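These are my notebook entries on a single protein chain.

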Amino acid sequence: MSNLVRAGLIQQRWTGDKESMIANAVEAIGTAASQGAQVICLQELFYGPYFCQVQDADYYSYTEAIPDGPTTKLMQEIAERHGVVLVVPMYEQEQPGVYYNTAAVIDADGKYLGMHRKNHIPQVKGFWEKFYFRPGNLGYPVFDTAVGRIGVYICYERHFPEGWRALGLAGAQIVFNPSATSRGLSEYLWRLEQPAAAVANEYYVGTINRVGVEPLGDNDFYGQSYFADPRGQLVGEAASDSEEEIVVRDLDMDRLAEVRDLWAFYRDRRPDSYGPLTEA
């Protein structure tokens, strides 16, 4: 029999306030869990608008401590209630004035396992993230969960192959990429980069995007959340490009060994020849 992990992605539209976004996510997690999902990831900065379309210090108020803040504590309760692993992207305050774009990872028994802080921070029109976030300082952690080894790589980071590789070398079996990406500049890359990363690193990738146009700008978030397998093929269809959706898919973990035995990319790596990559 196949070794299946049933995984979920929650694609949301901005509701207008933090409280209803959290309530929406909690309801969606319950729905995904009722469909058998064992691990679920929310979208980037899930409980707020994508405020990086503007540069306004008022949005610092969306920060919370992790793991001691109220949303992490709530999600620990939700994870335990449903027996699911959760990846929860939030706006983290480490201390006053020190903020990160962060995803907390919570195990199926409600235990907080750790976090990934976004390392690569964009600063272009519509994505003024350096105004809000310090670059991450925790590297590329991989977490041992009830469903296997999980990694996280947030939005803009998907353009950088080095972190994808670091997660693979650390033993990741599924990497989640919660995002807020809009039509235009890079939409054509959405179906290219994450499947390519899944192939190059021989793991599953689950990538999530929000939907809709929010009041803070004209970014049109196009959804299309999906899972890609280590052959670069989508697992089922991608989600809608305009509506909220809960994506639940079965990931055959036996395929990881099959692909790694077939292609042997990790065997054939030449780290002895890569030194110049870190010298530039």
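Entry 1, terms and the annotated span. I take helices (H or I, at least four residues) and strands (E, at least two) as DSSP runs, numbered from the N terminus. The model I am reading is predicted. I looked up the annotation next: UniProt lists residues 5–253 for "domain: CN hydrolase", in an unreviewed entry. I noted that such annotations may be inferred rather than shown by experiment. I computed that residues 5–253 are 20% helix and 31% strand. The end C-alpha atoms of this span lie 7 Å apart.

I counted five helices and 15 strands in the protein chain. For the extent, I placed the C-alpha atoms along the principal axes, where they fill a box of roughly 50 × 50 × 35 Å. I then checked the radius of gyration, which is 18 Å for the protein chain; this agrees with the value near 19 Å for a compact globule, because that is what the rule gives with 280 residues.

I looked at contacts with a separation of 6 or more, and residues 24 or more positions apart account for 68% of them in the protein chain. Of the 280 residues, 55% count as buried. The accessible surface of the protein chain comes to about 11700 Å². Carbon and sulfur atoms hold 50% of that surface.

I recorded 24 positive and 38 negative charges in the protein chain. Their mean positions are 4 Å apart.

Which form does the bond from Ile66 to Pro67 take? I found it to be cis, with omega near 10°. Pro67 sits in the loop between strand 2 (39–41) and helix 2 (70–82).

I found a phi near 60° for Glu202, a positive value in a residue other than glycine. Glu202 belongs to the loop between helix 4 (190–201) and strand 11 (204–209). Is Glu202 buried or exposed? I class Glu202 as buried because its relative accessibility is 0%, and the cut-off for buried is under 20%.

Key:
Residues are numbered from 1 along each chain as its sequence is written. This is a predicted model: local features need pLDDT of at least 70, side-chain atom pairs count only at pLDDT 80 or more; totals for chains, interfaces and linings use all residues. Side-chain values use heavy atoms; hydrogens and water are left out. The radius of gyration is taken over C-alpha atoms; the globule rule is 2.2 Å times the number of residues to the power 0.38. Buried means under 20% relative accessible area, exposed over 50%, partly exposed in between (1.4 Å probe, protein chains only). Contact means heavy atoms within 4.5 Å. Accessible areas come from the Shrake-Rupley method with a 1.4 Å probe; for residues, only the protein chains shown count as cover. Lys and Arg count as positive and Asp and Glu as negative; His and the chain ends are not counted. The place of a charge is taken as NZ of Lys, CZ of Arg, CG of Asp or CD of Glu.
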